[in-house]
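My entries follow in the order in which I made them.

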Amino acid sequence: MGKGQDLAQTLGVRSDLLVERSVSEVVVHPDRIVLRIPDEPHYWAGNMVFFRGDKVDPEHQIAQFRKDLPEAAHTMFGWDTPDMKIGPEHAPFSKLGYELEQIDVLSLTQPLNRAPTPDGINIRPIETEEDWKQVIALQIDTAVEQGYDRDSFGIYVSKRFESRRRQIKAGLANWFGAFDGDLLVADLGIYADAAVSRFQEVETRPSHRKHGICAALVTVGVDWAKAQAPETIPVLQAHSDGPAGRIYRRCGFEHRETLVLAILPPQGTFERPADTA
């Protein structure tokens, strides 16, 4: 995995590879990086191709994905270039039924705007089986709120956390929960190595939103990552003006890159909401 991380140009792709470290297979080619997680074939972002540079060639790139990942029910690839925007050259993907996503990469290269833990909230690592059950339940409930199918998303996220727990046990990541008494009200994951660290899955229970809990979780996550590797650059991928992006920008994160993904969802497995573009 380390070789793929070293050869990726962008912080975004380097952090994508970091998140799948130890549970994935990475094959590095001169023109692309192929990421595969054999145990999670329905995890789109874990089974994809990153093409180097900014050349958009729909026919060739679709065919290359199918050659690299012939067993995949979906198609998903991105471009390892830091300033791509969705443009006319991407139009053929839309005509073929692909979803195009333009994602912002935010990073923290200045001092963190620290946020205190709100009164009555306890933030600690997720450790017990009951803790993990609450994390998965909150992830599913939040996804359903956003329009995902409960059954298919539940299968996906349960498998995802089997891998994440193995990574945490190996010391590659940590997962933090914010508790109001015994109730998990928010959670956040963080992966780290010497060069980059990556936040994952910030979710908050509706009853506890806009209370400063997510910013406090981000503070705890940055502290953990910096304790592992003082020079690591904390990174996340989000829409800068979306809820997560606004939280991180208040914490001192700044826009660093813009990446584009092309996705052709499968039928019947981990569907995206119908109104997601």
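I searched the whole structure for aromatic pairs and found 14. A pair here means rings of Phe, Tyr or Trp (its six-membered ring) with centres within 6.5 Å; planes under 30 degrees apart count as stacked, over 60 as edge-to-face and the rest as tilted. I looked up Trp132 and Phe161: this pair is tilted, at 5.9 Å centre to centre and 55° between the planes. Trp132 belongs to helix α5 (residues 129-145) and Phe161 to helix α6 (residues 150-169), so the pair ties together parts 29 residues apart in sequence. Helices (H or I, at least four residues) and strands (E, at least two) are DSSP runs, numbered from the N terminus.

Note on the source: this is a predicted model, in which local features need pLDDT of at least 70 and side-chain atom pairs count only at pLDDT 80 or more, while totals for chains, interfaces and linings use all residues. Residues are numbered from 1 along each chain as its sequence is written, and side-chain values use heavy atoms, with hydrogens and water left out.

I checked burial next: Trp132 and Phe161 are both buried (under 20% relative accessible area; exposed is over 50%, partly exposed in between, with a 1.4 Å probe and protein chains only). I also noted one aromatic cluster, formed by Phe51, Phe77, Trp79, Phe93 and Tyr98.

I then looked for charges over rings (NZ of Lys or CZ of Arg within 6 Å of the ring centre and within 35 degrees of the ring normal). Arg164 lies over the face of Phe161, 4.7 Å from the ring centre. Arg124 lies over the face of Phe179, at 4.0 Å.

How do α5 and α6 pack? I read an angle of about 140° and axes 10 Å apart; axes are lines fitted to C-alpha atoms, for helices over the stretch in contact, and angles run from 0 to 180 degrees between N-to-C directions. That makes α5 oblique to α6 (under 35 degrees is roughly parallel, over 145 roughly antiparallel, 65 to 115 roughly perpendicular, the rest oblique). Residues in the contact (heavy atoms within 4.5 Å) include Trp132, Val135 and Ile136 of α5 and Val157, Phe161 and Arg165 of α6.

Last, I looked up Thr204, which is in strand β9 (residues 196-204). Thr204 is buried, with a relative accessible area of 7%. Leaving out residues up to four places away in sequence, Thr204 touches Leu138, Val185, Ala186, Arg209 and Cys214.
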